[in-house]
Each structure stands twice: as C-alpha cells, then as structure tokens.
Amino acid sequence: MKGLIAKGSIRRRLVLQLGAVAAILSIAFFLVVQVVADRAAQDTQDNIIAAAATAIADALYADRDRVMLELPYSAFSMLGSISQDRVFYRVVERGQTLTGYDDLPIADSGVSKNTRRFASFTYRGEMVRAVTVVRSVSLRDERRAVTVTVAQTQRGRAVISSRITATATAIAAVFFMVATGLSFWAAQAALRPINRVARSVARRGPNDLRPVVGETPTELVPLVGALNSFIARLRVSLLRSEEFIADAAHRVRTPLATVRAQAELTHRRLNKPEHKKAIREMIRAIDESSRSAGQLLDHAMVTFRTDSLEKTPVDLVGLLAETCDRLAPTADLKDIDILRDFPEGPFEIQGDPVLIQSALRNILDNAIKYSPDDSQITVRAFEDDGFWLQVRDQGRGFGDADLGKLSQRFSRGANVADIVGSGLGLTIADEVVGAHFGRLVISKNKKGTGACVSLVFAQP
Amino acid sequence: MRFLLIEDNAQLADAVVGRLALDGHAVDHAGTLESAWAFINAASYDLILLDIMLPDGDGRDFLVDHRKAENRTPVIVITARSEVSDRVGLLDLGADDYITKPFDFSELEARCRAVLRRQGGVAANHKTYEGVVLDSTSGGLTINGNTEILRNRELRLLEVFFRAPGQVFSKSHLMDRLFSFSDEVSENAIEVYVGRLRKRLDGSDVRIETVRGLGYRMVGKT
C-alpha cells in the first residue's frame, strides 16, 4: 500500500522492554545475593574469630601479681575448621605482649570491657580479619586490662564467596533466559487479538463491505469502530453511485420510451409518405440517443464494476449460451440465424458474470446490427492457449478502419455512417476482458465479408 | 393475445396500449401493484408486461409474489435501468425476459413470442383461413396436415394478411411491419418476402395476389 510505512513492531518493542526488565531484575538479584552471601560469610568468620578470642580471654588467669595465660588449643582448632587459613594472635597487657605475634596491630582504642571490635587490614601481605577483646584480670591489689587480638586470613571466605557468586550468576542467567522466553510468549499472547482483527480485515475481498464484528480488545475498539464507520460510509457511497446510475437511466429512458411509443403509434396512423418519413427520422433519432445513453450508462457501470471487481466462478460457455438465447429474438427479426459451436464441457474462470455477459451482449449485438438480413452469425467457444469466445458475422466488416483503434471510446468502423451506434460497444468489451486479464481480438474474415471479434480469457 | 401492462407512467401506458391494440392485442393497464393483483385475480392473461418502479412498490417484489403464487403467466419486465446492473436480478427473480426502455414494438412482439414458445403448454394461437392454419406463437404454417416453421419475417407478413383476408395492403404498410426504423430498404424488398410466402403457400387454397398499383392481398382459391 502506498503511503503506509511499516515502522516499529509492537511485538519487538514488547519483547525488548520485557527483556530489559528481566535483565535489570537478574542483575539486581545477582548483586543482592552477592552482598548477602558476602555478609553471611563475614558474619560466620567474625563469630568464629570472636569465639576464639573469647576462649583465649577466658583462659587468662591471675597468678599473684602476674597475668598468666594457658593457650587453649581448642580455640585454634575451631579456627582451622574453615579452611587453610592462617591464624595470628596477640595478647597484650599494659603495652607488653604476653604471647603471640609482636607486630600484629591492635585496634583497642575505644574497646571497653566485655565488648569486641572487628577490623580488616593487611597483615604480612594478606587481608586479614581481626577481632579484639578486652578482659580485665583481677590481681591481688588491682585489676589489669588485657587485650586479646585474633586475626585470620580470608582465603576461606574468598572461596565461599566465589562459589556463591558462581551459583548466583547461574541462577541469574537462567532467570534471564526464562524471563526472556516468557516475554516472547507474553508479547505473542498480548498481540493475538490484534492479529486476529488484522487477519479478519486482510482476508476480506475487495467488495466485502460488511462491518468487522467479533471479539475485539478494548484498546482496539476505537480503531475498529473507525474502520467500521469508514466501511459503512464507503458502502453507502458505492450504493449511491450505483443507484445514481440506475436512477439516471430511469429518468432518461422512460420519457424516451413514451416518445418512441407515441411516435410509432402515430407512424402507423399516418398515411402521407412525407409525414411517415418525418416520424421515421424521429424514431431513428430517439433510437440513437437511447442507445448512446444506454451504452454510456452501461459503460459507467462497467467502469464502476471493474474498479471493484468481484470474482466468482463463471462458466463462459454457459454465459455465451445465455447471451445467444437473450439476443435470438432480436436476430430473428432480421431472419438472422445464430449458429452455435460450443464444446461440451464448461470453460470455468474467476470473474464477474454480469460484466462478461455485458461484453458478450455488446459484441453479439454489434454483429446483429451490422449483419445483412437472412445471414448467419457464428458463435464459437474453443480452447487455443486460452478460452476463446468468438462472434463471426457476414456483415460489412470494419472497412478500412484501424483495427487497433476500434476499441477506443466512441471510435467506429469506417463504413457505418448509416447505422445507429455510439462506438462504445467494443470499448465496453475491451474494458471487461482487460479487467479479467484477457484480450479483445478483432480481425477481418479471411474469406468473404464480415467481422470476427473474440474475447480471449486466460485459462486458470 | 391478452396482455396485462403494469406501468405507472400514464403517457407511456397509453401509447403501449394503443400500439398493441393496432396489432389486435387486448391490453389491460394497471397503474399500481394493487390494481395489478385485482386484474390478475379477475382475468387470465397470456403475458404480463411489468415495469420496475411503481408508486406502491417494487416490480421485483411483485415478480417474487407472482412466482410464489405459482402463477404460470410469463412476465416480461420493462426496465429502464442499466442492463448491466439489473440483468442478473430480474432473471433470477423469475422474469422470463426483459426489454429495455425505450423499446421497439416488433422486438417486444418477438420477445413475447419467444417467451410463449419457450413456455410451451399455453393454448396455441391459431388462425385458420381456407384450410390453412397459422400458429402465431410457434410460427407453424399447416397445409394439408404438413407443418412448416416460417421464418420470422414470413410469419409477420402472413400475420398481417391473416388478420384481414381480402384486404389490400400497400407496400409501404407492409414495409413498416417488416423492417425496423433503422433499416434503409427499398420498397422492392417486400417483393422478396411476398415471393417466399407464395412458395410456402404452394399447394394450398390460399394465395397472395398482386393488386397493381395498390399492393397485395390474400385471397382464397374460390
């Protein structure tokens, strides 16, 4: 369709948006798991080192005026349970290291009795987690504050942390993929009603002017409503133009019929040859104008119908036979015989029977009009690289007229000045076969006089 | 023949009635569908001529009701509409034929004859003169038990003579009956058809006489 640019797909947009949301959620999930896991690992280590520090502090005792310590090895075995981490400790009393690593920093500022303080720092080239507790030991005459610091490297925690990270990554990835898949499905499901409406509109033929009905999602109701009102207006305007053509015909033809009938009546009653001649002239003029009016209206109708061609299965042979039946009385008036040469089977194509019959009637009517009295018209139907419907008469033919130009509007043969005609008959036939992707073939008879006009339709 | 003309245009109806009466047909005229039904119920007709646009309804509805009532009287629709748009509808609704306004009376007559012929069963339209039987519907001419089918113009010419045996018809009068207004023919053309009729009538007691200077008449041998 001209002017209609397909840009942006709702489906793609939905999938992209839902996918982006899924990605954000996956990343958030990953980060949260990471932080929580890290935190949990940290807490575990903190608890263990705190327990170890407390165990050491509990092992402090006073021996007269000295603070004594018997290292509880259970404390260290507890620390060793996590992994291959190294453990450092230091017990300080009044700035003197009682036991442990002299250079282990002590963060005892602000650490009071029965509290503990955690810290992370680099010691001997490795990150360690340290806890400091202060315990006061009662000597004989005074209480001494003793600081116990236990530090542990964080290798185990890093291992746990990386394991959790891997798991979180995997879960996030799976979540993302599932969510993306679901977003495809959701987009599809959300668009299904739209697709249904679009299909039901696209499926209809060019002349199907019924309104679109059926279940329609609320969001599409305004659009479908607008479409329906447009269809309704189109139908009304098409009907109106068809009615107009019919009405125009009626208004032109009824008075003409009255005039003609009266003239014919008068002609019969008159006796003087010169009066009769005058009436004859009048009737001829009426015939000419009514024929032109009729063909103009037929032509308008043909143009109208070819514009909105409605195709149904059509049997060309049947139509041809019907047309012959229809025109036989007219031919009979001039003692013209219509010889039929039809095959058995039907010639079936897709087309508009009304139009095809109009074309056939026009060429057969022409043949009758231009045939001499007591002659024959041969109507044939045969297959020869297409379906041929051929009308051959023994009339005067087309004279020296340019055969190619005969199907043009108002163009007539070079030798027909004395016969009433508008020159639209072949135009109508030509437009009808053109609309059916066929062609009009006009030729002179090989022997004798007469014309041969064929409608050729492509075989399906 | 007896016609019922259903047509609301009074002038056209007058002309049609007058013109058909000239050919010896009896015509009743109904201006509305209502009066048409009254006519149909009161009398029987050989043929109905029906207009489509009527003041109290659509002629097509009449057609449908007429067929529903299983009335066999053939109907020829006189339509003013474009042939392209109306053709299918009319024949499908049960019209036997249609003729487009304005129409030629000889064509109307030919169509009536064709319709009646197609329908068959209708009582034959016979005229007899001196043992020669002419059937206007089928065009059959029966002489001594042998029936020949006349060609259209022979039939029309013989009908003129049969309507008024012994009367002299001028060449120009016969010409008018035989040829359409658009045909340019010389008066001598009539001699051809008279000649053919004479050949057809060979062996019967009927012959067609030339009345010098006046025209022709049909007489019996006696």
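These are my notebook entries on a predicted model with chains A and B.

**Entry 1: the sheet of chain B**

I began with strand order. Chain B has an open sheet of five strands, ordered β2-β1-β3-β6-β7, and the pairing is parallel. I then looked for its edges: β2 (26-30) and β7 of chain B stand there with a single partner strand each, so one side of each has no neighbour in the sheet. From one strand to the next, the twist averages 20 degrees.

I looked up one pair in detail. Strand β1 (residues 2-6) of chain B runs parallel to β2(B), and five bridges join them. Within this pair, B:L5 stands opposite B:H29 of β2(B).

Next came the helices on this sheet. Helix α1 (residues 10-22) of chain B lies across β1 and β2 of chain B, at about 170 degrees to β2(B). α5(B) packs on the sheet too, touching β3, β6 and β7 of chain B, and its direction makes about 175 degrees with that of β7(B).

**Entry 2: helix α5 of chain B**

I stayed with this helix and checked its length. Helix α5 (residues 105-119) of chain B has 15 residues, which at 1.5 Å a residue should span 21 Å; the end C-alpha atoms are 21 Å apart, so the two agree.

Which residues of α5(B) are buried? I found B:S106, B:L108, B:A110, B:R111, B:C112, B:R113, B:A114, B:V115 and B:L116. I was pleased to see both chains in the cover over these buried residues: it includes α6 of chain A, along with β3 (47-51), β6 (75-79), β7 (97-100) and α6 (152-163) of chain B.

**Entry 3: two hairpins in chain B**

I followed strand β8 (residues 126-129) of chain B into β9(B): the two run antiparallel and are joined by four bridges. B:Y129 stands opposite B:V132 of β9(B). Two residues lie between the strands of this hairpin, where B:E130 takes a positive phi near 50 degrees.

From β9(B) I went on to strand β10 (residues 140-143) of chain B, also an antiparallel pair, with three bridges. Here B:L134 stands opposite B:L141 in β10(B). This hairpin has four residues between its strands, and B:G139 takes a positive phi near 80 degrees.

Six bridges join the antiparallel strands β12 (residues 387-392) and β14 (residues 451-457) of chain A. A:Q390 has A:S454 of β14(A) as its bridge partner.

**Entry 4: where the chains meet**

Last, I looked at the interface: 41 residues of chain A are in contact with 36 residues of chain B. On the side of chain A, the elements giving two or more residues are α4 (221-269), α5 (273-307), α6 (316-333) and α7 (353-370). α4(A) gives the most, with 17 residues. I noted the make-up of that side as 19 nonpolar, ten polar and twelve charged residues.

Key. Residues are numbered from 1 along each chain as its sequence is written. Chains are lettered from A and ligands numbered from 1 in the order in which they are written. This is a predicted model: local features need pLDDT of at least 70, side-chain atom pairs count only at pLDDT 80 or more; totals for chains, interfaces and linings use all residues. Two strands pair if DSSP finds at least two bridges between them. Two residues are in contact if their C-beta atoms, placed from the backbone, lie within 7 Å. Ala, Val, Leu, Ile, Met, Phe, Trp, Tyr, Cys and Pro count as nonpolar, Asp, Glu, Lys and Arg as charged, and the others, Gly among them, as polar. The expected span of a helix is 1.5 Å times one less than its number of residues. A residue is buried if 20 or more other C-beta atoms lie within 10 Å of its own, exposed if 12 or fewer, and partly exposed in between; C-beta atoms are placed from the backbone. Axes are lines fitted to C-alpha atoms, for helices over the stretch in contact, and angles run from 0 to 180 degrees between N-to-C directions.
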